[in-house]
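Have a look at the model, then read on.

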Amino acid sequence: MTSNIGLLIGHFEPLHLGHLADINTAAGLCNTLHIIITPKSGNARFKPTLQDKVRWVQVACQDFDFIKVHTTVSLDIDMTGDYGDEIDFDDAVLQKLAITHDDNPTIFMKEHATTNGKLAKLDLPKHDHDNETIYQDPITHFHAIAPSAKSDYVQTVCIVGGESSGKTTLVHKLAGHYGASVVLEMGRLYTYSDLGGTETALQYRDYTPIAINHTQAIFDAKKHATAPIVLVDTDFATTQAFCEEYEGRTHPVVAALADEVRMDHTIYLDNNVKWVADGIRRLGSHSQRSRFASRILEILARHDINPFVIDDADYHRRYEQAVRLIDQHVLHKT
């Protein structure tokens, strides 16, 4: 049976593979499918906006011009009204979409549990993806989240610390453990790509492209995440520390990005391991390393970033401690 118009109403939070299966089925059973996204509250950890949810659904359905996406806001439906009775809500949706019963509308049942009795009703097939379970614990069910929604649920874990504190090695070890994407240290990449391989040519104007490139790399890694976490090698506070150390002044672009592009979690490595020269870094003496490490901590505090601290002097125990921190505080494993 094919209807002229179909309605699929739900929270779509997060949009997951079960929702996409429902959309595919519903779209195949009508000429035009109207998806109406409603607000939902309750998950204190993730709070996507209605616009976020529209983006997820529209990106997933952008090649289907017969699918129209709406929200209660775009339809000017006041959700503070008495819509505890789904009958009134259905009627409000039909009225706002200018749909009459002559249009042969069908409501596809899933999250939306009742109908006003005037609409044709069709139950969608069952699948293994439970809406409420995924909503309550999206990180555990990250594999089931739709690709267009994953970036809003990925957790960025940034590893920071003073010079030669083992940040890059730890990032790659953690990436191997979690199967996670990595955002490389942008200052190091920029030194090779634009400065000829050493910091000798580094100057104040270079900090803008370093910070902007770092921002884009974070967004790209989240968009194409292979795991519920993305590991970031150094942050904007570290970039700012270099600028203040070398140039004697704070860079406003770096400061703005430190406030705007927030890492979800930051791990600070204490500066208590052996110095290893790499031909790039200039801060090799004990006093220079200590001053630079203190500067990073001060800048983190300046931007209200409270890192987890790893202070074990053994590299492998640092790795084990980082895994415990991520499992407990990021992935919420028991």
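Two strands pair if DSSP finds at least two bridges between them; helices (H or I, at least four residues) and strands (E, at least two) are DSSP runs, numbered from the N terminus. This is a predicted model, where local features need pLDDT of at least 70, side-chain atom pairs count only at pLDDT 80 or more, and totals for chains, interfaces and linings use all residues. Residues are numbered from 1 along each chain as its sequence is written, and side-chain values use heavy atoms, with hydrogens and water left out.

**The sheet**
- Strand 6 (residues 155-161) runs parallel to strand 8 (residues 229-233), and five bridges pair them.
- Within that pairing, Ile159 has Asp233 of strand 8 as its bridge partner.
- The open sheet has five strands in the order 7-8-6-9-10, with parallel pairing.
- Strand 7 (181-183) and strand 10 (308-310) are the edges, each pairing on one side only.

**Salt bridges**
- There are 14 salt bridges, counting a side-chain nitrogen of Lys or Arg within 4 Å of a carboxyl oxygen of Asp or Glu.
- Arg55 and Asp152 make one of them, with the closest N and O atoms 2.7 Å apart.
- That pair links distant parts of the chain, 97 residues apart: Arg55 sits in helix 2 (residues 50-60), Asp152 in the loop between helix 5 (147-150) and strand 6.
- Asp259 and Arg262 also form a salt bridge, at 3.8 Å from N to O.
- Shared partners join Glu244, Glu245, Arg291, Arg295, Glu298 and Arg302 into one salt-bridge network.
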